[in-house]
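Work through the exercises below with the model open. Each task is followed by a stepwise solution.

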Amino acid sequence: NNPNGHASVYCTFTPGGIFNTITGTLRYDQDNNGCDLSDEVQPYMKVKISNGTEEAYTMTDASGQYHFYTPEGNYTITPELEHPAYFTIF
């Protein structure tokens with residue numbers, strides 16, 4: 001019932017030790033003219049990160065931004081849409 005509470009595997013949102021930060025902004029290119037800063041941000045959307053073996057998820061914040069803290073490696077980031085057949089993700 002605490003509106004300021006957060007759930008995380010860490011005591012803070014920034015982990016200790018050596019890590020990389022992957023951040024981005026999820027946008028919707030409604031006019032299909034290429035994604036740019038004028039496209040609408042997508043708040044509170046589920047985003048998946050995968051290295052081909054392991055997966056993790058986060059949600060975008062109110063400004064459409066997401067953050068992942070990762071070890072070194074190659075990752076694929078994909079929005080998890082409720083109706084993926086309706087959209088093209090690139």
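A search of the whole structure, a predicted model, finds 2 aromatic pairs.

**Exercise 1.** Classify the pair formed by Phe19 and Tyr69.

*Solution.* 
- Step 1. Take the geometry: the centres of Phe19 and Tyr69 are 5.5 Å apart, with 85° between the planes.
- Step 2. Apply the cut-off: planes over 60 degrees apart count as edge-to-face. The Phe19–Tyr69 pair is therefore edge-to-face.
- Step 3. Phe19 lies in the segment before strand E1 (20–25), and Tyr69 lies in strand E6 (residues 65–70). They are 50 residues apart, so the pair links distant parts of the chain.
- Step 4. Check accessibility. Phe19 has a relative accessible area of 29% and is partly exposed. Tyr69, at 32%, is partly exposed too.

**Exercise 2.** Classify the pair formed by Tyr66 and Phe68, and say whether these residues are buried or exposed.

*Solution.* 
- Step 1. Tyr66 and Phe68 are both buried.

**Exercise 3.** Give the strand order of the open sheet and locate its edges.

*Solution.* 
- Step 1. The 3 strands run in the order E5-E4-E7, with antiparallel pairing.
- Step 2. Strands E5 (55–59) and E7 (76–79) each pair on one side only; these are the edge strands.
- Step 3. Neighbouring strands are turned by 25° on average, direction ignored.
- Step 4. Strand E4 (residues 46–50) pairs with E7 over 4 bridges. In one of the bridges, Val47 partners Pro79 of E7.

**Exercise 4.** Which ring does the charged end of Lys46 sit over?

*Solution.* The ring is that of Tyr57, with the charged end 4.5 Å from its centre.

Methods. Residues numbered from 1 in each chain as written. Predicted model: local features only at pLDDT ≥ 70, side-chain atom pairs only at ≥ 80, totals over all residues. Heavy atoms only, no water. Pairing = 2+ DSSP bridges. Helix = DSSP H or I, 4+ residues; strand = E, 2+ residues; numbered from the N terminus. Axes fitted to C-alpha atoms, helices over the stretch in contact; angles between N-to-C directions. Phe/Tyr/Trp six-rings, centres within 6.5 Å; stacked < 30°, edge-to-face > 60°. Buried < 20%, exposed > 50% of the residue type's maximum accessible area, 1.4 Å probe, protein only. Lys NZ or Arg CZ within 6 Å of the ring centre and 35° of its normal.
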